[in-house]
Amino acid sequence: MNEFKARGWFEEPKPQNFLEHGIGTRNMLQLTPHAGIKPFKSIFNWGNVFPYVAQVVRSEKFDYRQVTEIVHNDAVFKHAIKQAAEQALREERYAKNGHRLLARSISGDKDEEQDEKEGISYQKILHKQEQRAITILKEMGSTLNNTLLAITSWLLYKLLPCFLSGVVTNTKQIEMLQNASKRSPDTPLIFVPLHRSHLDYIMVTFILTNNDIRSPLVAAGNNLQIPVFGTLLRGLGAFFIKRKIDPVEGKKDVLYRAALHLYITHALKQGHNIEFFIEGGRTRTGKPCMPKGGILSVIVNAFMDGSIPDALLVPVSVNYERLVDGNFVREQKGEKKVPESFRKAISGIWKALNSNYGLMRIDFNEPYSIRELVNSYNKIAREDGNSKVYKPASRTLQHNQSTSSLYGTDVVCEEHRNLIESISRQVVFDCAAATSVMSTNALAFLLLTRFRNGAEEQLIAAALDDLRNTLTGFKDLGFSGESAHIVAYACDLLGAGLVTRIRDENGRMFIRAVPTVESFIELSYYSNMLTPHFALSSILLTTFHSLLPEAKDDAEEAPGVSQKKLIETALENCLVYRYEFILNKPTQVLENMLHKQIDELLINGCLRRNEVQDSDHTIESRRLAYHLAYELGDNDDYDSEENLRVSEDSELLLLARETLEQQRNICEVLAPFASTYLAVAQSLQILHRSAMLESEFISFVINDISNKVTRGSCIYAESISTDSVRNCLKLFEKWSVIEVCNQRGLRLISLNTLYEMSRESLNSIVKKIEAVVPKLNAGHFSQQKLLNDPPPV
């Protein structure tokens, strides 16, 4: 039975170029833990003959209680219906009579008589809101059930091997979740994956169901409510949420918000696990998006008001060797997204079944309790002298309505905004750090940062060896084996549309990215999985080279920059990427992270210290002495950490000329993002004395970058990214460079008064962005011939 592998329907599996997955992992498509169990004493064990049927039949069944009826009977929901009706009544009165009736009382005989004369009926409005409430709950509610879970599991065992070589996870992580469920059966598990594909919804449920863990209710966008597939997803646990909760900008949909809040709260109280995508939607760039804390705020509130004793947040990392959903090139180029439909879904499934997408990797990270998280943040708040401390059960759900919270009730969301933001950013940071590196991620990263013009296969394989060594201890690798084989496998998987492999007359294989805008944008999706890991190093080295004195041909001594100056400037440059990357956990100090990263760059030889011997110790020996004393618990005789930091800050960090190529490669990691930001900053001048639709401004910037790529003034085709343009606009709004206002659902942007009046102020913003753009063709980089020029083919 160990040799038994799942078949796609009744045909033999297609021969695949298979790559061994990471160490300590198992392919879930080949595991049927219940297949060999004999429920009755029998000579013939049918589970050995029909392993998949036995697996889905014998897996543990749970009581999945329906929540919609409980929500409908909740007193708070009935109050929300009444309030929605009162709001509609005021709006109808205003529409008929204008401002003079805006302050009229809702009840009263005279008002009722006046309303009757005007054809306004409160009872009709109330009935309309009651019917709307029923419709909201019907469209939202999940119908999770064991029967559909079993049928779908059997189908997935049969279908997935047709287009995936494996669904890989670590069995110890599964055991960890099983133990957590057994230890605290009344504590719900909150699964929080980073969202890459529509397949994410189903695969987490598939793995949990077949390992006897309660399947979660999954928050899904209502754009997936398409015929057949919407019903299927609903039966597998999906509860559907509107993409835009408030239909009118600036006006809260009290009824819908109350329904969503109460649905999640009662689901938790009924023992359901919950799964939601904290980014709000699938990443279009391959790197994590900034978190949205709406659903998380409801869950935290359920803990705060005592509805649940605790909840365990489980960060989930999902990655694919090749994305099943296709690509997001059209959207990144500014074109409209093609909406989901039945026809599109069928076409996508048919295409998938006749393709090879390699491995899918799912990692369930260590859960952490919301109770412990709140306690940790309270401890930090006390240490910082912050009087704001979050106390569970300090407030209960009240009936007086607020226009500021997610669900329209005066509860936790607004009061605990900082807490929610901190938890959500920590979840995204942990998910990104724990995401396994797939073979295609590694190859795309090397092609875009080190070999943009291509290189021999042997050279790329050697670079992959270096990358694997660099990542060891920091990132889990979703592949193993010889690097040359991994490179060939990744090339085949990405396909000839993204990567070309040409053998020259000497028999040597030359590999390069297909030189089109579309291929570079799609490759950046795979490459960007590694971008957050190298982001701090890239910022530091870019900052370091911008601070170095001008290169002199006759200079013998290596130029340098004081560590203090480097840290101060790098901290400013990190703020530029505040909406692009989460560079540190909320519990970490960014300055300390930069110091740690400088130590890594020193170890890797990208920087050198200018150490001067003193009478006692060098900086390095003093650092070693400090750490030894700290380990022994006796540091009275040694420098304190503060004194050591002062000594380090006062010395110079010198340029290491022998590793200039390596430094350039690291700088290139963030160069495409910096180029996009610079294009946005330079385009701000078109807003001078004229407001503009945000969508039109984004299109203008994308066209500007596209023209620069065509002319060759911008070498990064992947800089064509609507996501990065939007993130940059958020930054400029934060800096009060631009103002954003909503008019009838349209977003208008204009320059702030200061930048409208002074062109010099606008130039200062451009210079601020230029500081994060690496000067790869100037300064010390221009003095050395780099090795990644393309050889003749």
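I took helices (H or I, at least four residues) and strands (E, at least two) as DSSP runs, numbered from the N terminus. The model is predicted, so I noted the limits: local features need pLDDT of at least 70, side-chain atom pairs count only at pLDDT 80 or more, and totals for chains, interfaces and linings use all residues. Residues are numbered from 1 along each chain as its sequence is written, and side-chain values use heavy atoms, with hydrogens and water left out.

**Cavities**

I worked on a 1 Å grid over the protein atoms alone, where a cavity is a set of points that a 1.4 Å probe fits but cannot get out of; lining residues have an atom within 4 Å of a point. Grid points are joined across faces, edges and corners, and a volume is the space filled by probe spheres set on the points. I found nine cavities of 30 Å³ or more.

I took the largest cavity first. Its volume is about 260 Å³. I listed 26 lining residues; Ser 524, Tyr 525, Asn 528, Phe 673 and Glu 718 lie nearest the centre. Which helices each supply at least two residues of this lining? I noted H12 (329-332), H17 (439-449), H20 (517-527) and H27 (671-683). H20 gives the most, with five residues. I sorted residues by class: Ala, Val, Leu, Ile, Met, Phe, Trp, Tyr, Cys and Pro as nonpolar, Asp, Glu, Lys and Arg as charged, and the others, Gly among them, as polar. The lining of the largest cavity has 10 nonpolar, 12 polar and four charged residues.

I then turned to the second largest cavity, which holds about 90 Å³ of space. It is lined by 15 residues, and Ser 59, Glu 60, Lys 61, Leu 149 and Thr 209 are the closest to its centre. H6 gives the most to this lining, with four residues. I counted six nonpolar, six polar and three charged residues there.

I fitted axes as lines to C-alpha atoms, for helices over the stretch in contact; angles run from 0 to 180 degrees between N-to-C directions. Angles under 35 degrees count as roughly parallel, over 145 as roughly antiparallel, 65 to 115 as roughly perpendicular and the rest as oblique. Contact means heavy atoms within 4.5 Å.

I looked up H6 (residues 146-159) and H8 (residues 199-209). Their axes come within 10 Å and cross at roughly 105°. H6 is therefore roughly perpendicular to H8. Leu 149, Ser 153, Leu 156 and Tyr 157 of H6 meet Ile 202, Thr 205, Phe 206 and Thr 209 of H8. Leu 149 and Thr 209 had already come up beside the centre of the second largest cavity.

Next I checked H18 (residues 457-471) against H19 (residues 483-494). The axes come within 8 Å and cross at roughly 110°, so the two are roughly perpendicular to each other. On the H18 side I noted Glu 457, Asp 465 and Arg 468 among the contact residues. The contact has seven nonpolar, one polar and three charged residues.

**Salt bridges**

I required a side-chain nitrogen of Lys or Arg within 4 Å of a carboxyl oxygen of Asp or Glu. The whole structure gave 20 salt bridges. I looked up one of them: Lys 242 with Asp 253, at 3.6 Å, N to O. Both residues sit in the loop between strand S5 (238-241) and helix H10 (254-269), 11 residues apart.

Definitions and conventions. 1 Å grid on protein atoms, 1.4 Å probe; cavity = no way out; pocket = protein on both sides within 12 Å on 5 of 7 lines; lining within 4 Å.
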